[in-house]
Amino acid sequence: MTEVRPRVAAPASLWERDEEVAAVARAVDALCADRASGGTLLVFRGDAGFGKTALLAETRRIAESRGCAVWSARGGETLRSVPFNVVRQLLQPALVSMLPEEAREYLGDWYGIAGPALGITDPGERQADPQGVCDGLVVAVRRLARRDWPLVLLLDDVHWADQETLRWLAAFTERLDELPVLVVVAYRADDATGASARHLAAVAAAASAPATLSALTPDATAGLTRATLGPEADNPFCREVWAVTGGNPYETVELLAKVQDSDLRPVESHAAELRALNRAARGGGLVARLEQLGIHATKFAWAAAILGTGITVDMVARLATLDRQDAALSAELLRDARILTEPESGTGRTADGDLEFVHPLIATAVYKSIPDALRRAMHGIAAQLVTDSGLGAAAASRHLVEVHPDDDEELVGQLREAAREHLAVGAPDAARHCLERALAEPPAPESHARVLYELGCATLLTAPARTIAHLRAALGMPGLDGGARVDAVFRLSQALLHNNQLEEAVRTVETEAARLPEGPARLRLQAVQYMWEGIHAGETAAPGRSARLAGLARTCAGRDNAERALLILRGFDAMTHGESAEEVAEVCDRALVNGRLAPGLGWTDTEWGLELLMMLASAYVYTDRLDRAEALFTEALRAYETAGWSGGHLALAHAYVGLGHRRRGRLREAEASLRESLRLAERVGRGLPLYWSATCNLVDTLLARGHVDEAWAVAEQYDFAPPYPTTIVLPDPRSVRGRLLLAVGRTEDGVDELEGAEKAAAARGHHNPVVAPWAVDLARALAAEDPGRAARLASGARRRAERLGTDTAIGEALRCAAALETGRRAVRLTAQAAAYLESSPCRYEHAAARVEYGIAARSAAELERGLDLARACGADGLAAQAEGMLASVAGPART
């Protein structure tokens, strides 16, 4: 046999890959040329054996020859359930070179969020937010990439990557523009399904031109055959090599190696033997070849396939129950047979001296060849080895889930512990997998409901529909009592709410509360019932609900969080109904402890949920207590950012910070916060209440700024139109959309929308004229064609404003009344509106009143005052109006 085959085989998989190699070389050169350059993403897709791994190896060679740092990682078919497995592999070169103090310095505030996922620090006490962890990993890699420039990241077989890595990769590759790094990703498109396929589609979309690798042509196969076997290989033989392998580069290389090993002459008379040789190199033939190496080598290969990674002779020997000498000999045999190999030095994937399979196809074939019962038993032994090594239940869980169900309560306990560890680092998918496997064991009757409950909690953020099924099942069997049962009912109602089943959420807590005796548990569920009813935007309010809530609240002194919750709910209810702002604030203040949220009612506490606190802050917003509201909003934002909760919670926090800015008249800041809220909300999913809150307030803010076209574009882009959500959105979206339609000239549609807002508010009893400002806009729209109705609407708005009693509400009602008048009466009313709004915390409304007063009175001084206020607010349209009127009032001399 020739001795040059290994040297030739290495580049053989790169035949007909000149364009891809050239693209790699250009990307590496661009990376090295300019530290300030943007990042580059190359994606190589292709079937198994089409040379993806070879391209990544060539990328490493090119990059290292240019002086680049190269980090790499690879997915594995049996490792998909290991959360953060691939991203941990990728960052190992950086992590192992850094002291803990250095890692903390580089990651900053993200250390405690991303650190547990990377295995460099212990998790915190509360469940990590998956989106926050993902964002933390993005920040971590970005910072490390800047430190180690020029850096190349290679990710192979990512169709087998864990979900957490894929989520990170999709987010990371979306934001490469300002990061000097080259990322090269390789995967099989057809082997990814579900969420994996969606993440990989996002990665491919971020690449400028994903490359799909094709099979070798007959000419290339002939060239490769002659380069390997010599020029004497004749045309019929070369054509048969191509026909047998289908042009698959890996299969071609392996077949040619078998030809060399068998001393087969590459001529037409021997071409018929190629098919038999090819079968021996793959699938069942590979298994037969493995068996020919002997029982020890077979057991070694099986154990290596079970481990999947970190394959050492010592670990395999323990798993395969081989003595050290037999294991070492088996490893040598498997290397000689091109089944196992030592990893390339410097890949960073595994420790020195480890082994890996020559190709993923071989690993898959070996793993699938293990008899089912034996495979499950070996996974059980592997789990024990991992546990004995002190790596914890989470590390052992990928083996535990493969063990045959056998009514083993100890195994159930291990899986539950693994689920808790997965949740603590932000891996709910892995936790769900463990708990679903625990149910299959099955658990003992006394713990079955608990496992279902834990499974429901694990899927609450990611799959509300599954949560509903799990929690209903848990509540239908014995084992959940006391506080655990009450908490399960609450979480079930939350899941129903998130699944847009609000009426069922209300019925669920109402039914459970009726079963309980008087006491804290019943009071908590009653408060939850009122909370869900309070945010329900149905056609009619429950008869007598407000009276019952007021009655309950009168008995509450804020002694515990259930009483405090009822006080908040009463304050919110009174605010939406337009009751006295002074009384609303007094009730809400009683829910605080020394002016702050009570312990257990914080923004990241899960016993009550964020909805309750948003209701408290909203009650303050719409009763002109903006200092208290903004303190709560700022606290929410800080709490979520610190805890790494960057999903829906953070999106809603930004939305409400934007609402605070909007009410203050800080319109530029409001727009920035609301756009950030929408960016975050896009990752959670459209149609949710938080999405509506951000969109509605952004449209309202843009209208206040005078950016009508932008407001319309936002409404079109984010589907700000009927049907409206089943939960209350503040301010009332019908009122805001009605104003938008009027602003773009669709007067008839705008009037219809505002009349719909009128009916909905009347049915719900929502008479706060600032929350639902339909009346003032409808009155202005009808002033010309129906002045009588317009006057009645303005009069009603003023009555409701005076009942509420805030300067903002009264000032806005006076502005509306003034818009329907002319002459001295218009001047007097606009002066009164400006006086009220000067005492209001809402600067934009004050600016508008000043401009309107200046116009009515033809006062340059008032117009200048209004202009200054409008500019300070960022109300560009109002400022332009004031400037135009100033030119008219002051005359040519002023201009």
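Trainee: Which helix holds Arg-376 and Asp-372, and how many residues apart are they?
Mentor: Both sit in helix α19 (residues 372-388), 4 residues apart, about one turn of the helix. Helices here are DSSP runs of H or I with at least four residues, numbered from the N terminus. This is a predicted model: local features need pLDDT of at least 70, side-chain atom pairs count only at pLDDT 80 or more, and totals for chains, interfaces and linings use all residues. Residues are numbered from 1 along each chain as its sequence is written, and side-chain values use heavy atoms, leaving out hydrogens and water.

Trainee: What do the side chains of Arg-376 and Asp-372 meet in?
Mentor: A salt bridge, 3.5 Å from N to O. That term means a side-chain nitrogen of Lys or Arg within 4 Å of a carboxyl oxygen of Asp or Glu.

Trainee: How many salt bridges does the structure hold?
Mentor: 58. One of them pairs Asp-627 with Arg-664, closest N and O atoms 2.3 Å apart. That pair links distant parts of the chain, helix α32 (residues 626-643) and helix α33 (residues 648-664).

Trainee: Is Asp-627 buried or exposed?
Mentor: Exposed, at 59% relative accessibility. Arg-664 is buried, at 15%. Buried means under 20% relative accessible area, exposed over 50%, partly exposed in between (1.4 Å probe, protein chains only).

Trainee: New topic. How many disulfides are there?
Mentor: The count is 0, taking a disulfide as a pair of cysteine sulfur atoms within 2.5 Å.

How values were computed:
Helix = DSSP H or I, 4+ residues; strand = E, 2+ residues; numbered from the N terminus.
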